[in-house]
Amino acid sequence: MRVFVNEQPIDVPRGASVRDAVAVADSALARLLEEAHAYVTDAMGRTLDAADAVGEAGAVLRVVVSARRETAPRLTRDALRRWPKAELHVHLDGALRPATMLELGRDAGIRLPADTPEALAKAMLVRDARNLEEYLQIYDVTLSVLQSAAALERVAYEFVLDVAAENVRYVEVRYSPLLHRPALTLSQAIEAPLAGIRRGAAETGIKVGLIVCAIRTRPPAESLELAHAAADYLASGVLGFDLAGAERGHPAAEHRAAFEYAAAHGMACTCHAGEGDGPHSIHQALHEVGAQRIGHGTRLGEDPGLLEEVIARRIPLEMCLSSNVHTHAVASVAEHPFKRYLQQGVVVTLNTDGRLTDGITLTDEYFLAHTALGLSPAELARVVLNTCESAFLPEFEKVALVSRVQSELEALR
Ligand SMILES: [Zn+2]
């Protein structure tokens, strides 16, 4: 079958690997790939493993020669899948299984943009949004099939199985109960995913916490209402309070009362900021609503004083590489400040944001940080531990998580 390597058409047998295709196209490039001085991406810019199958006829491969050879990739995607990992920033309503979405759509009589899991997965990928606001529109589709307690329970359960399968030991998953009204009350919309999480956690043995999100574009009174409702579930798995949604023109400070209530009632607070707007938004998250972590914080570096403060106060950033490319928070992965912040001493953590809507797993994001940004195995391990250390867990549980993951990492490396 015919595929393309750096725009050159070549013929390979069905089932050929990326390595085979590059070897047919150019033996010098193949050598660089074997010596880990080059890596390969698909048409969407997603990094591929040399051993991955080329895929269908017409597949497009790009071989990228690493600019800095000392940081060339050495870990495979498979090795990173085996690493113990943690995740703090992932949206439940952006992480559904396509096959489940189709079933839920059928049950609820909702027409989805495609009718096979493969086509739906493609349709749900947001790669060409001009900004955060446009990217968020795809959530209308996932939310349309999540307007029942049974649906929320199921996707939360499946989510836990999916992350456990790639060796995530601890995850905090978020969503907004406000977006399931009027079908459900806030209490029902919180109890349903908690039940799914309990079922998944019991089966897999991983630890899972829930973060509820207020929405920037909705009335502040609703945010406060959500904080009130969520406070009843502290003992059952709700760990944190967040503010999500279109960032520009919708300042966090408007939702201050909700954050104050959440904090006063034992919830940890995080806030999306510096993703769809500039560093002043991060400033507001830290100083006006008391966020203990920042969701993304991509544009932090534009304010050197604030960057210094974030380093000094060890405020964790919940960073997401692919998602930032898809929302145009950064122009490309290569331009993402993740590695720079890590080396400057910021407590950076690595997360998916939307497994379905960004078409990735956490393993993919670690592999991307390794191949496209050149993070060394030691730096990647630092990021895993940063993530564990930034968990919204009581101190003794955090210490146990960190030491377990650390010894697992040492045994693997
Ligand atoms: Zn997010």
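What makes the arrangement of the four donor atoms around the zinc ion irregular? The angles they subtend, which run from 82 to 171°. Notes on this and other features follow.

1. **Basis.** This is a predicted model; local features need pLDDT of at least 70, side-chain atom pairs count only at pLDDT 80 or more, and totals for chains, interfaces and linings use all residues. Residues are numbered from 1 along each chain as its sequence is written, and side-chain values use heavy atoms, with hydrogens and water left out.

2. **Zinc site.** H89 (NE2), H91 (NE2), H272 (NE2) and D353 (OD) coordinate the zinc ion at 2.1 to 2.4 Å. Donors here are N, O and S atoms within 2.8 Å of the metal (3.2 Å for Na, K and Ca); water is not among the atoms, so sites may look incomplete. Four donors count as tetrahedral if all angles lie between 85 and 135 degrees. Four count as square planar, and six as octahedral, if opposite donors are over 155 degrees apart and all others between 65 and 115; anything else is irregular. For reference, the ideal angle for four tetrahedral donors is 109.5 degrees.

3. The sequence pattern of the zinc donors is H-x1-H-x180-H-x80-D. H89 sits in strand β6 (residues 85-91) and H272 in strand β10 (residues 268-273), so this pair links parts of the chain 183 residues apart. Strands (E, at least two residues) and helices (H or I, at least four) are DSSP runs, numbered from the N terminus. H89 and H272 are both buried. Buried means under 20% relative accessible area, exposed over 50%, and partly exposed in between (1.4 Å probe, protein chains only).

4. **E275.** This residue lies in the loop between β10 and α12. E275 is buried but has no salt bridge. The nearest side chain of opposite charge is R216, 7.5 Å away. For charge, Lys and Arg count as positive and Asp and Glu as negative; His and the chain ends are not counted. The side chain of E275 does make a 3.1 Å polar contact with that of H296. A polar contact is a pair of N or O atoms within 3.5 Å; within protein, one must be able to donate a hydrogen and the other to accept it, and residues adjacent in sequence count only if both atoms are side-chain atoms. E275 also touches the zinc ligand D353, with contact meaning heavy atoms within 4.5 Å.

5. **Salt bridges.** The whole structure holds 30 salt bridges. Each is a side-chain nitrogen of Lys or Arg within 4 Å of a carboxyl oxygen of Asp or Glu. R82 and D78 pair at 3.5 Å, N to O. They are four residues apart in helix α3 (residues 77-82), so about one helical turn separates them. R82 is partly exposed at 47%, and D78 is partly exposed at 39%.

6. E288 and R256 form a salt bridge, with the closest N and O atoms 2.3 Å apart. E288 lies in the loop between α12 (279-287) and β11 (293-296) and R256 in helix α11 (residues 256-264), so the bridge ties together parts 32 residues apart in sequence. R181 and E222 also meet in a salt bridge, at 3.8 Å, N to O. That pair is 41 residues apart. R181 is partly exposed at 29%, whereas E222 is buried at 16%.

7. **Helix α16.** Ten of the ten residues in α16 (residues 362-371) are buried. T361 caps its N-terminal end: a side-chain oxygen of T361 lies 3.4 Å from the backbone nitrogen of T363.

Note on methods
Lists of a residue's contacts leave out its neighbours within four places in sequence.
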